[in-house]
Amino acid sequence: MAPAAPAAPAGIRFDGVTVAYHGTVVLDALDLTVEPGEVMALLGPSGSGKTTALRAVAGFVRPVAGRVLLGDRDVTDLPPHRRGIGMVVQQYALFPHMRVEDNVAFGLKARRTPKSEIRARVTEALELTGMAGYARRHPRELSGGQQQRVAIARALAVRPEVLLLDEPLSALDAQLRSGMLAELARLHRELPDVSILYVTHDQVEALTLADRIAVMDRARLRACGTPRELYRAPTDAFTASFVGGANLLPVTVRASGAEFAGTVIEVGTDGVAPGASATLCVRPHLVGLGDGPNRITGTLAELQWRGATHRLYVDVGGHRVMADVRELRQPPALGDEVALHFASEDAVLLPAGVAHG
Amino acid sequence: MAEVAPQVRVVRGGSRPGGGSRRSHTAPRPYKPLLWALPPIALLGLVFLYPLALVVRQSFQPDTGGFSLQPYADVLASESFGRALWTTVWLAVAATAGCLVLGFLLALVIAFVPFPGARTVARFVDVYLSFPSFLITLALLFIYGGTGIVGSFRFLTTPWGVLLAEITYFTPFVMRPLLAAFSGIDTAQIEAAGSLGARAPRIVRRIILPEALPALAAGGSLVLVLCLNEFGIVLFTGAKGVTTLPMLVYGKAILESDYPGACVVAVVNVLISVGLYGLYRVVSRRAGA
Amino acid sequence: MLVHSRKARWALWTVFLVLFLPLFALPLLVVLGASFATHWSGVLPSGPTGANYRAATRGEALQALTTSLVTALTASVLALAAGTWAALAAAALGRRSRKAMDALFMLPVAVPSVVVGLAVLVAFSRPPMLLNGTRWIVITAHAVLVTAFAYQSVAAAITRLDPAYEQAAASLGARPGYVLWRVRLPLLLPSLTAAAGLCFALSMGELSATMMLYPPDWTPLPVLIYAATDRGALFTGSAIAVVLMAATLLVLLAVSRLRTRASYR
């Protein structure tokens with residue numbers, strides 16, 4: 001008997017999930033819901049607990065508290081093989097002693113799916129990932145990108161409600177990675193019912209692929225929202241710097257805006273009392289060179305040519321401000337006095353007490 | 001595996017409201033792995049531990065029956081036991097020392113001053129380990145035997161002949177872990193030390209020796225135990241003058257049919273060997289960790 | 001390279017050869033030479049003959065060869081099965097119980113083989129398990145002696161096995177038994193064959209425990225070699241020893257061929 005196809009697409013729910021090893025908490029009371037059919041990226045540096053969260057869904061780590069739900073099923077106490085998930089890990093873990101087709105058929109055979117159906121589903125999965133011509137090969141005869149596709153086909157062949165991807169692209173070189181990103185996006189369009197939990201430390205992957213991003217840091221969830229929300233209006237300094245990179249400027253709130261290095265910048269201060277310290281977040285590429293609104297001046301400390309752009313590091317009142325500007329014909333020299341500006345709507349005021357991340 | 005295999009999605013529908021039960025997080029069925037470990041343990045108990053226990057029991061049962069310390073008193077007081085114990089221990093210690101020095105030197109050359117054919121020699125060492133020890137004595141019989149190449153029959157019947165044979169046979173047991181450890185040493189490290197002007201003896205002392213210590217400890221203790229237990233080499237010399245504890249066990253049990261006596265010697269031999277082996281495991285764990 | 005000067009290198013190599021050749025190569029060459037000779041009173045053996053081999057490949061000796069092969073084969077299969085089971089079970093245990101199991105299964109290495117022979121003799125010479133006088137007492141003792149080595153190599157291989165494979169298999173819905181049979185054992189196969197070869201070689205050359213308990217109709221090769229040298233037939237003994245080495249090497253070679261195929265599949 002093959003398991004029936006899922007009646008309704010299932011999401012993932014973390015309900016206060018806490019994981020600890022030998023007394024060290026590596027995931028601290030995570031509350032997070034992945035909607036059915038949604039791509040959720042877990043983004044964070046290494047050691048932030050994002051992989052632990054994924055492994056808690058897969059069943060390889062046991063929470064010391066909290067529940068994990070797939071759809072309306074509480075799977076916290078189920079062993080991995082009864083959870084009905086698909087998983088792709090960084091090093092693919094293709095079975096080296098099996099041909100590609102046997103790798104893809106593995107989950108189906110383990111579930112005693114009828115032979116004829118196995119053949120059809122293997123072909124389908126391999127075609128979906130563009131690996132139909134490689135069925136008779138062994139994993140070691142494939143390139144990294146091809147192995148990646150087989151790993152995805154293997155996970156998809158069992159028709160999981162939930163697909164877990166653990167840094168799936170980090171073993172590929174940069175060029176292959178962008179190709180595979182597009183491929184993953186296409187796969188998700190073709191399988192709209194599959195919920196995907198995508199663990200990565202690469203913000204580009206998260207921004208490109210995810211419907212929503214959950215930012216993790218030191219075992220905790222820092223922020224969760226759509227890529228646009230997190231990028232345009234981050235709610236904390238860690239998220240601001242980790243998603244997209246940011247200038248985080250220490251400011252003092254005034255009645256008319258925020259004062260930074262003696263200049264009052266016009267920015268919305270709703271809810272923050274005047275006189276309080278806060279952090280102003282401005283993306284480097286939204287900072288312009290020369291005169292304009294919210295003009296600040298400083299000395300050029302460092303200049304990097306990056307082909308299409310120049311990155312300027314300017315010391316303003318003892319703080320370093322980054323600006324990415326279109327390639328300059330005649331760049332200023334180090335030590336020159338330069339003026340920077342940015343639009344008020346491009347700046348976000350963050351709560352106080354957060355240093356440079 | 002004797003587990004009922006519910007299909008993947010059978011458990012569906014057991015919806016539980018949020019905070020309801022945040023308990024029951026002990027590992028599931030912790031007794032199950034233990035259950036799987038039981039059959040091999042039981043088998044080992046039947047064919048090894050139980051027989052060993054019988055040996056201990058018999059060592060307290062003289063032929064006249066009953067429980068008595070008499071066999072121990074008899075054996076421990078006898079001159080032949082004292083001599084065998086002494087011979088066994090010093091032979092084992094000397095052979096181990098010889099194997100460590102020789103094995104370290106040879107492995108050093110194979111690993112760091114490689115010559116054409118060094119890999120073949122390393123392979124040969126592996127093959128050597130799969131031959132029985134008495135072959136060495138057999139060869140020595142031709143070299144030092146009565147009509148042999150060197151022709152001093154006396155030599156083989158002294159402990160020195162046994163010592164030579166044991167060093168020859170057991171040196172590869174030291175070389176193998178050493179070669180494995182050496183292959184883990186980054187040659188860049190040695191080249192860096194060389195480029196800083198360190199001479200070979202200094203590199204050996206400062207870089208190679210510390211890396212090799214765990215392997216030396218492991219190989220050395222294994223050889224020590226194997227030498228204490230060695231039987232074939234001694235048996236083949238046919239020397240009456242060299243009697244070790246295993247020889248004494250064999251002699252008492254098979255030649256004299258003195259089972260209680262054989263069991264007493266066996267118990268003593270096991271205590272020494274297992275004690276040393278336990279020490280080795282503790283030391284090697286320290287060195288490894 | 002550790003030694004840069006040419007001269008020093010040659011000096012080292014010479015020392016190496018002077019130590020290595022007489023100690024390790026010479027014994028084997030001597031046995032090989034003697035097996036083709038009738039006398040050895042000078043530097044080289046004399047009286048070339050094939051008679052030793054004629055004696056070593058028929059009658060008693062031939063039977064001893066089959067005895068050794070059957071014993072070694074049976075003992076290694078038993079040891080491999082028990083050792084693999086134990087190592088797999090140990091891997092599933094907690095840290096402390098695993099250490100205890102390691103110690104338990106390595107114990108036969110520490111106990112002298114002669115004592116193992118004596119213990120097996122004492123235990124199986126009485127009802128209800130009366131094996132004394134049958135081939136099974138020899139095979140049992142051999143299996144006990146080599147199980148430790150099977151356990152050790154399989155346990156080492158299991159710790160080297162990347163857990164990602166079994167986790168991938170489990171995430172695909174495979175029960176633990178299916179994962180063991182279809183993923184873990186096939187991946188362990190190269191190590192299993194290596195362990196089998198080791199067990200076989202050790203059993204082929206086992207003398208100590210065998211001397212304690214072999215029945216007259218089940219005489220393995222090492223015992224026959226000892227009997228030959230003991231009655232002074234050194235040259236025949238050498239020929240039988242060469243047969244023993246050749247048989248061991250042939251089986252090891254076959255096993256390593258099997259291994260390469262297993263790892264390249």
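User: Starting simple: when does a residue count as buried, exposed or partly exposed?
Analyst: Count the other C-beta atoms within 10 Å of the residue's own. With 20 or more the residue is buried, with 12 or fewer it is exposed, and in between it is partly exposed.

User: Which class does A:A261 fall in?
Analyst: Partly exposed, because A:A261 has 17 C-beta neighbours inside 10 Å. Keep in mind that this is a predicted model.

User: Where is A:A261 in chain A?
Analyst: In a loop of chain A, between β12 (257-260) and β13 (263-265).

User: What does A:A261 touch?
Analyst: Leaving out residues up to four places away in sequence, A:A261 touches A:I296, A:V316, A:G317 and A:H319.

User: And how far is A:A261 from A:T309?
Analyst: They sit 48 residues apart in sequence. In space the gap is 26 Å, C-alpha to C-alpha.

User: Let's zoom out. How is chain A divided?
Analyst: Into domain 1 (12-237) and domain 2 (246-350). Their C-alpha centres lie 39 Å apart.

User: How many residues link the two domains by contact?
Analyst: In domain 1 of chain A, 4 residues are in contact with 5 residues of domain 2 of chain A. The domain 1 side of that contact has 3 nonpolar residues, 1 charged residue and no polar ones.

User: What about nonpolar cores? How many residues has the largest?
Analyst: The largest nonpolar core has 282 residues. A:L197, A:L280, C:L118 and C:C199 have the most contacts inside it. Both domain 1 (12-237) and domain 2 (246-350) of chain A give this core at least three residues each.

User: Take A:L197. What does it touch?
Analyst: Not counting residues up to four places away in sequence, A:L197 touches A:I12, A:V34, A:M40, A:L42, A:L54, A:V57, A:V162 and A:L164.

User: New topic: chain C. How many helices and strands?
Analyst: Chain C has 11 helices and 0 strands. Its C-alpha atoms fill a box of roughly 70 × 70 × 35 Å along the principal axes. Of its 265 residues, 49% count as buried.

User: What share of chain C contacts join residues at least 24 apart?
Analyst: 71%, among contacts between residues at least 6 apart in sequence.

User: Where is confidence lowest and highest in chain C?
Analyst: Helix α2 (residues 51-56) of chain C is lowest, at a mean pLDDT of 77. Helix α3 (residues 59-91) of chain C is highest, at 93. The chain C average is 87, and 96% of its residues score at least 70. Where pLDDT is low, the predicted coordinates should not be read in detail.

User: And which ipTM and pTM scores does the model get?
Analyst: The model scores ipTM 0.85 and pTM 0.82.

User: Back to the helices. Which residues of α7 in chain C are buried?
Analyst: In helix α7 (residues 163-171) of chain C, the buried ones are C:E166, C:A168, C:A169, C:A170 and C:S171.

User: What covers them?
Analyst: The cover of the buried residues of α7(C) includes α1 (50-58), β6 (85-88) and α2 (100-110) of chain A. It also includes α8 (176-204) of chain C.

User: What follows α7(C)?
Analyst: C:G173 follows α7(C), and its phi is positive, near 100°.

User: How many residues do chains B and C put into their contact?
Analyst: Chain B gives 66 residues and chain C gives 64 residues. On the chain B side, α1(B) gives the most, with 17 residues. By class, that chain B side has 54 nonpolar, 10 polar and 2 charged residues.

User: Which parts of chain B does UniProt call "transmembrane region"?
Analyst: The unreviewed UniProt entry covers residues 33-53, 89-115, 127-145, 157-175, 212-239 and 259-280 of chain B. In the model, residues 33-53 of chain B are 100% helix, with end C-alpha atoms 27 Å apart. Residues 259-280 of chain B are also 100% helix, and their end C-alpha atoms are 31 Å apart.

User: And which in chain C?
Analyst: UniProt, again in an unreviewed entry, lists residues 69-91, 103-124, 136-158, 187-214 and 234-255 of chain C. Residues 136-158 of chain C are 100% helix, with 31 Å between the end C-alpha atoms. Residues 187-214 of chain C are 86% helix and 0% strand, with end C-alpha atoms 38 Å apart.

Note on methods:
Residues are numbered from 1 along each chain as its sequence is written. Chains are lettered from A and ligands numbered from 1 in the order in which they are written. This is a predicted model: local features need pLDDT of at least 70, side-chain atom pairs count only at pLDDT 80 or more; totals for chains, interfaces and linings use all residues. Domain bounds come from an automatic or database domain assignment. Two residues are in contact if their C-beta atoms, placed from the backbone, lie within 7 Å. Ala, Val, Leu, Ile, Met, Phe, Trp, Tyr, Cys and Pro count as nonpolar, Asp, Glu, Lys and Arg as charged, and the others, Gly among them, as polar. A nonpolar core is a set of buried Ala, Val, Leu, Ile, Met, Phe, Trp, Tyr and Cys residues joined through C-beta atoms within 7 Å. Helices (H or I, at least four residues) and strands (E, at least two) are DSSP runs, numbered from the N terminus. pLDDT is the predictor's confidence in each residue, from 0 to 100. UniProt positions are given in the numbering used here, feature names are shortened, and annotations may be inferred rather than shown by experiment.
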